[in-house]
Amino acid sequence: MVRNPERRAALVDAAIDVLAREGARGLTFRAVDAAAEVPNGTASNYFAGRDELLAQVTGRIHRSIAPDPAEVTEVMKAPPSRELVAELMRWINQRVTEHRTGYLAMLELRLEATRRPELRAELTRAVRETLDDDIRFHLESGLPGDRTAVVLIYLAMTGLMLEQLTLPGVVPDDETDGLVSALVERAIGADAE
């Protein structure tokens, strides 16, 4: 396999674009080459097969949609409260809009994982690790709410993201902030401060 890290990264980024735009069935080495604007056959020189490419895409998406640690530090200067949790959830929801391609590609990976056991195992590990990190962050930051509240918020926010990415008219944008606030209040409880 060819060892040019910049070219490999460009191919993985192109694969994310293809996955988001054309779905898993459209993710071919030829489509990746075209999206990366490289000669045909380039992607096959960097990845042993589609499974390796999908694994690289999984890791890259998780890194690209993760918030900047400096931004997290800045947001966390506020005192722990239900309102801060709601603000964090609104911030995550905003990131879906800003990183639409990455999130759409992640949805496509989830669907593809239902048909590919190796991808399912890798994606399950990565998403479970991220959820565990989120739970740990929430609890160690002194934010109100227990582990169950964090998981409930995660599940509800995942559903909201799915609607916004696939059927944006189901939940109008002007209702989102209020719904996020209500979600956090109900998941954490009114007297959890």
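Colleague: At roughly what angle do the axes of α1 and α7 cross?

Modeller: First, the ground rules. This is a predicted model, where local features need pLDDT of at least 70, side-chain atom pairs count only at pLDDT 80 or more, and totals for chains, interfaces and linings use all residues. Residues are numbered from 1 along each chain as its sequence is written, and side-chain values use heavy atoms, with hydrogens and water left out. Helices (H or I, at least four residues) are DSSP runs, numbered from the N terminus. Axes are lines fitted to C-alpha atoms, for helices over the stretch in contact, and angles run from 0 to 180 degrees between N-to-C directions. Here the axes of α1 and α7 cross at roughly 70 degrees and come within 8 Å.

Colleague: How is that angle put into words?

Modeller: Angles under 35 degrees count as roughly parallel, over 145 as roughly antiparallel, 65 to 115 as roughly perpendicular and the rest as oblique. The pair α1 and α7 is therefore roughly perpendicular.

Colleague: Which residues in α1 and α7 meet?

Modeller: Contact means heavy atoms within 4.5 Å. On the α1 side they are I16, D17, L19 and A20, and on the α7 side T101, G102, L104, A105, E108 and L109. By class there are six nonpolar, two polar and two charged residues in the contact of α1 with α7. In this scheme Ala, Val, Leu, Ile, Met, Phe, Trp, Tyr, Cys and Pro count as nonpolar, Asp, Glu, Lys and Arg as charged, and the others, Gly among them, as polar.

Colleague: At what angle do α4 and α8 pack?

Modeller: Helix α4 (residues 50-65) and helix α8 (residues 117-140) pack at about 10 degrees, with axes 10 Å apart. They are therefore roughly parallel to each other. From α4 the contact takes D51, L54, T58 and H62, and from α8 it takes E118, L119, E122, L123, A126, V127 and T130. Five nonpolar, three polar and three charged residues make up the contact of α4 with α8.

Colleague: Which residues of α8 are buried?

Modeller: Buried means under 20% relative accessible area, exposed over 50%, partly exposed in between (1.4 Å probe, protein chains only). In α8 the buried residues are L119, L123, A126, V127, L131, I135 and H138. They pack against α4, α6 (82-98), α7 (100-113) and α9 (147-166). D134, also in α8, is partly exposed, with a relative accessible area of 40%.

Colleague: What span should α8 have?

Modeller: The expected span is 1.5 Å times one less than the number of residues. For the 24 residues of α8 that gives 34 Å, and the end C-alpha atoms are 34 Å apart, which agrees. After α8 comes G142, with a positive phi near 75 degrees.

Colleague: How many residues does the largest nonpolar core have?

Modeller: A nonpolar core is a set of buried Ala, Val, Leu, Ile, Met, Phe, Trp, Tyr and Cys residues joined through side-chain atoms within 4.5 Å. The largest has 51 residues, and V57 is among those with the most contacts inside it. Its largest share, eight residues, comes from helix α1 (residues 5-22). Apart from neighbours within four places in sequence, V57 is in contact with V12, A15, I16, L19 and L109.

Colleague: And the protein overall?

Modeller: The protein has ten helices and zero strands. Buried residues are 40% of its 193 residues.

Conventions
Helix = DSSP H or I, 4+ residues; strand = E, 2+ residues; numbered from the N terminus.
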